[in-house]
Amino acid sequence: MADNKFKEFFQLGEVGNYFIRVFKKPDPNQKSNFNLRMMHGINKISILVFLAALIIWIVRRLM
């Protein structure tokens, strides 16, 4: 019972699954087009810039 609650607490949900899907290697069996690849590329960049800004903001607040 406690193991089930632990797994439930750390479930990623839709947002977490999207992050994993964006940063993993594309499936060669899945059909992809140029627009989809560019969208995921831009999303990767925006996520990384957001995380960098968040880290910088936290470091400045702590100092």
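Predicted model: local features only at pLDDT ≥ 70, side-chain atom pairs only at ≥ 80, totals over all residues.
Trainee: How far apart do the end C-alpha atoms of residues 41–59 lie?
Mentor: Look at the secondary structure of the span. It is 100% helix and 0% strand. From end to end, its C-alpha atoms lie 27 Å apart.

Trainee: What pattern does the protein follow along the sequence?
Mentor: Count the elements. The protein has 3 helices and 0 strands. Read along the sequence, the pattern is α-α-α.

Trainee: At roughly what angle do the axes of H2 and H3 cross?
Mentor: Helix H2 spans residues 13–23, and helix H3 spans residues 34–62. Their axes come within 10 Å. The crossing is left-handed. The angle is roughly 115 degrees.

Trainee: Which residues in H3 meet H2?
Mentor: Start on the H2 side, with Tyr18, Phe19, Val22 and Phe23. By class, the contact has 6 nonpolar, 2 polar and 1 charged residues. On the H3 side are His40, Asn43, Lys44, Ile47 and Leu48.

Trainee: Is asparagine 43 buried, partly exposed or exposed?
Mentor: Asparagine 43 sits in helix H3. Its relative accessible area is 22%. Buried means under 20%, and exposed means over 50%. The value falls in between, so asparagine 43 is partly exposed.

Trainee: What distance separates the C-alpha atoms of asparagine 43 and valine 22?
Mentor: Along the chain, the two are 21 residues apart.

Terms used:
Residues numbered from 1 in each chain as written. Heavy atoms only, no water. Helix = DSSP H or I, 4+ residues; strand = E, 2+ residues; numbered from the N terminus. Axes fitted to C-alpha atoms, helices over the stretch in contact; angles between N-to-C directions. Left-handed = near helix turned anticlockwise from the far one by under 90°. Contact = heavy atoms within 4.5 Å. Nonpolar A, V, L, I, M, F, W, Y, C, P; charged D, E, K, R; others polar. Buried < 20%, exposed > 50% of the residue type's maximum accessible area, 1.4 Å probe, protein only.
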